[in-house]
Amino acid sequence: MSVHRLCKIPQSIKSNAPISLATVLFWRGSAIAKIVGANAAKYDTFDTKVNMWVFEEMVNGRKLSEIINTDHENVKYLPGHKLPPNVVAVPDLAESVKGADILIFVVPHQFVGKVCDAIKDHIKKETIGMSLIKGVDAGPEGLKLISEVIRGKLGITMTVLMGANLANEVADEKFCETTIGCKDKVHGPLLKELMQTTNFRVTVVEESDVVEICGALKNIVAVGAGFCDGLGFGDNTKAAVIRLGLMEMIAFAKVFCTDCPVSPVTFLESCGVADLITTCYGGRNRKIGEAFAKTGKGIEQLEIELLNGQKLQGPATASEVHVILKQKNMVEKFPLFTAVHQICFNGHPVTEFIKCLQNHPEHM
């Protein structure tokens, strides 16, 4: 996005030069692009033009980038919603980030490494990154947050944005809240100005690692909520899934967020309990979990049939978390996370999820 020019201690802010919002990096992040484009046009703080990287594909005989730039609508991934005309689709990844002062990452977490490798020689060292990606990375060194992966590959300052923000409702401008995790106090107000609207209210907190952990783990819980829906259980059961899932989220954060104390208050922000609730009732992970339980079809097949080919984050995150828990010999302490992994990938019957709830250690 072209927002104004950000230096380490933003000299542009001191000189009142518009921030080159440079290029925002999106893949199917059109709902946020709509907000950022409108704010970039509204505030003098930011340059007007917002680049949106688009994975090029043909839709009804036309290139998707051409459709977006001509009709101002992402007809495949956010149909029925007009994008601001200053949001420009750019199919060349390296070209889309040139000159960027702020990069916003909205790609499936499985593709983050390749994206960073493609842009690392084309960005400025002073660029500020913001990740909306909900997932974690499990490698030989253990848990890595996606923002940490990006920071390690690109060497830039990273922030995160997570919250109860279902894309269609955000695009419809229905009121919601979100949370920005930003460890320093310099960039938080700027990023809040970039993101906040009358109906998209932003809170900035310093516990960015906890904010990001919440955004990743809630998708696992939502898959479990979908299992319960598919099996015909009611709202009482789903409430138990949400409560037990939240307990495991808090326990996981306390184990793995070791740089600073984990405050329970952060879980009361939009990134925590609010995002967990909305995802367990209305998100894609819940939807696929329900279909999985009802049809017996595999996750990949359901992605094609129900999500237009978009990749689901919950099962993938459950798999990554399972690897991490095995490394720490802590699998039995997180039975809900473990059950989702076993059901999605190891052929365990979906009814095992109810047994997981019945025998959860929180009841012992």
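Colleague: Which helix holds Asp 117?
Modeller: Asp 117 is found in helix 5, which covers residues 112–119. Helices here are DSSP runs of H or I with at least four residues, numbered from the N terminus. This is a predicted model, in which local features need pLDDT of at least 70, side-chain atom pairs count only at pLDDT 80 or more, and totals for chains, interfaces and linings use all residues. Residues are numbered from 1 along each chain as its sequence is written, and side-chain values use heavy atoms, with hydrogens and water left out.

Colleague: Is Asp 117 buried, exposed or partly exposed?
Modeller: Asp 117 is partly exposed, at a relative accessible area of 39%. Buried means under 20%, exposed over 50%, and partly exposed in between, with a 1.4 Å probe and protein chains only.

Colleague: How far apart are the C-alpha atoms of Asp 117 and Lys 153?
Modeller: They are separated by 7.3 Å, while the two residues are 36 residues apart along the chain.

Colleague: Changing topic: how many disulfides are there?
Modeller: The count is zero, where a disulfide is a pair of cysteine sulfur atoms within 2.5 Å. Cys 228 is in none, and the nearest cysteine sulfur, in Cys 356, is 9.1 Å away.

Colleague: Which residues have the most contacts inside the largest nonpolar core?
Modeller: Those are Phe 227, Phe 252, Leu 336, Phe 337 and Phe 353, in a core of 54 residues. A nonpolar core is a set of buried Ala, Val, Leu, Ile, Met, Phe, Trp, Tyr and Cys residues joined through side-chain atoms within 4.5 Å. Helix 9, residues 208–230, gives the most to this core, with twelve residues. Another core, of 37 residues, lies apart from it and includes Val 59 and Tyr 77.

Colleague: What is Leu 336 in contact with?
Modeller: Beyond its neighbours within four places in sequence, the contacts of Leu 336 include Val 221, Glu 248, Phe 353 and Cys 356. Contact means heavy atoms within 4.5 Å.

Colleague: Lastly, where is Ser 30 found?
Modeller: Ser 30 is in helix 2, residues 30–42, and is buried at 2% relative accessibility.

Terms used: Helices (H or I, at least four residues) and strands (E, at least two) are DSSP runs, numbered from the N terminus.
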